[in-house]
Amino acid sequence: MSSRPLVAVLDYGSGNVHSAVKALDAAGADARLTSDRGLIRDADGLVVPGVGAYSAVMDALRASRGDELIERRLAGGRPVLGICVGMQVLFERGVERGVDTEGMGEWPGAVTELDAAVLPHMGWNTVDPGEGSRLFRGIEDERFYFVHSFGAQHWTLDVQPPFPQPALTWCTYGQPFLAAVENGPLSATQFHPEKSGDAGIRLLANWIDGLGGATL
């Protein structure tokens, strides 16, 4: 039996995600691009990629009932990692060029256009990891690869004891925005770990190390 944790990469029609599968494999997972509901339910981890407009990603998730699969995993405390627009749709809503789209609502707040002189924010940038972050363990000073014009610029979720406080990682481009969130079983990054070289592989390995099927 393989000792590599099984990670399902949600296949719901969101562009080319094969680089994410390769990066997860390199980071120590048995990664599979899949729409199989049983596999997605039972995998040690689920990765939700996202490329394109917020509204298009939400439409594709709902059409494939991917949103239900994500919600069921989280209800059972099963790890989920969102990437790029896969992070953005976890918030209540996204506003892009006048289109206001309802998101999954796992976190309160809206994803809006970045307040910067030049968009998109494209290229390498440093981040400020949140206290207690596991994702950025050992890579706190590394740079990560971003390609986006929109982001979550505020965090309003009020977490009360005994639940642990989320680890919030910020980045600045024009104004601060959330580069990553670690909130119980649900984690997400605005940047692309699979395009972030060795630092991205390390981050994915840190996430994989925290999965139920891996050795902690």
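Me: What counts as a helix or a strand here, and how many of each does the protein chain have?
Reply: Helices (H or I, at least four residues) and strands (E, at least two) are DSSP runs, numbered from the N terminus; by that rule the protein chain has six helices and 13 strands. This is a predicted model, in which local features need pLDDT of at least 70 and side-chain atom pairs count only at pLDDT 80 or more, while totals for chains, interfaces and linings use all residues. Residues are numbered from 1 along each chain as its sequence is written, and side-chain values use heavy atoms, with hydrogens and water left out.

Me: Why is V127 called buried?
Reply: Buried means under 20% relative accessible area, exposed means over 50%, and partly exposed lies in between (1.4 Å probe, protein chains only). V127 has a relative accessible area of 11%, and therefore it is buried. V127 lies in the loop between β8 and β9, and, leaving aside its neighbours within four places in sequence, it is in contact (heavy atoms within 4.5 Å) with residues including F136, F144, F146 and W170.

Me: How do you know that strands β8 and β9 pair?
Reply: Two strands pair if DSSP finds at least two bridges between them. Strand β8 (residues 121–126) and β9 are joined in the antiparallel sense over six bridges, and T126 of this region stands opposite R143 in β9.

Me: Which residues of strand β9 are on its covered face, and which on its uncovered one?
Reply: In β9 (residues 143–148), F144, F146 and H148 make up the covered face, whereas R143, Y145 and V147 make up the uncovered one. In a regular strand the side chains alternate between the two faces of the sheet.

Me: What makes the pair of F146 and F177 edge-to-face?
Reply: A search of the whole structure finds nine aromatic pairs. Rings of Phe, Tyr and Trp (its six-membered ring) pair if their centres lie within 6.5 Å, and planes under 30 degrees apart count as stacked, over 60 as edge-to-face and the rest as tilted. The rings of F146 and F177 have their centres 5.7 Å apart and their planes at 90°, so the pair is edge-to-face. This pair links distant parts of the chain, with F146 in strand β9 and F177 in strand β12 (residues 175–183), 31 residues apart. Both F146 and F177 are buried, and they belong to one aromatic cluster together with F136, F144 and F191.

Me: How do you know that the radius of gyration agrees with a compact globule?
Reply: The radius of gyration is taken over C-alpha atoms, and the globule rule is 2.2 Å times the number of residues to the power 0.38. With 216 residues, a compact globule would have a radius near 17 Å, and the protein chain has 16 Å, so the two agree.
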